[in-house]
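Please open the structure in your viewer and keep the selection panel at hand. The tour moves from one selection to the next.

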Amino acid sequence: MAAAGDVALDVNQQVRQALQAGAFDHLAPLLDDLELQVTEPFLPSTWPWAVHLLAHIYALRLEDARFVWRRVPEEQRKNPELQAALALLQALWNKDYEGTWVA
């Protein structure tokens, strides 16, 4: 198990590598695994919540995306990137396919 600070540095590096490689389908499991490695009670404030949420949406794992949203700390939910990702999730969840283009 790793401390939150160690995982935060590792997360950014691994996410960047996966994005550069175009391995978008590997992002959700990667972030899930890294989240479980944190021994601190809370994830660092630098955790890429929007990327984590979008990775599950990309993989069409909408239930998992909803659970990621529920784990986002309240103070970070006002982030505009997270709000946009949530709007996309809500449109897909409600099968509002026209609304996904607006989101």
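Where is the place of arginine 77? Select arginine 77 and you will find it in the loop between helix 4 (62-71) and helix 5 (80-93), helices being DSSP runs of H or I with at least four residues, strands runs of E with at least two, numbered from the N terminus. This is a predicted model, in which local features need pLDDT of at least 70 and side-chain atom pairs count only at pLDDT 80 or more, while totals for chains, interfaces and linings use all residues. Residues are numbered from 1 along each chain as its sequence is written, and side-chain values use heavy atoms, with hydrogens and water left out.

Stay with arginine 77, which is buried yet has no salt bridge, the nearest side chain of opposite charge being glutamate 74 at 4.1 Å. Here buried means under 20% relative accessible area, exposed over 50% and partly exposed in between, with a 1.4 Å probe and protein chains only; a salt bridge is a side-chain nitrogen of Lys or Arg within 4 Å of a carboxyl oxygen of Asp or Glu; and for charge, Lys and Arg count as positive and Asp and Glu as negative, while His and the chain ends are not counted.

Next, select histidine 52 in helix 3 (residues 49-58), which counts as buried because its relative accessibility is 0%. Its side chain makes a polar contact with the side chain of aspartate 32 at 2.7 Å (a pair of N or O atoms within 3.5 Å; within protein, one must be able to donate a hydrogen and the other to accept it, and residues adjacent in sequence count only if both atoms are side-chain atoms).

From aspartate 32, move to arginine 61, with which it forms a salt bridge whose closest N and O atoms are 3.6 Å apart. This pair links distant parts of the chain, aspartate 32 in helix 2 (residues 27-37) and arginine 61 in the loop between helix 3 and helix 4, 29 residues apart.

Finally, select glutamate 35 and arginine 71, whose side chains meet in a salt bridge (2.8 Å, N to O). Glutamate 35 lies in helix 2 and arginine 71 in helix 4, so the pair ties together parts that are 36 residues apart in sequence.
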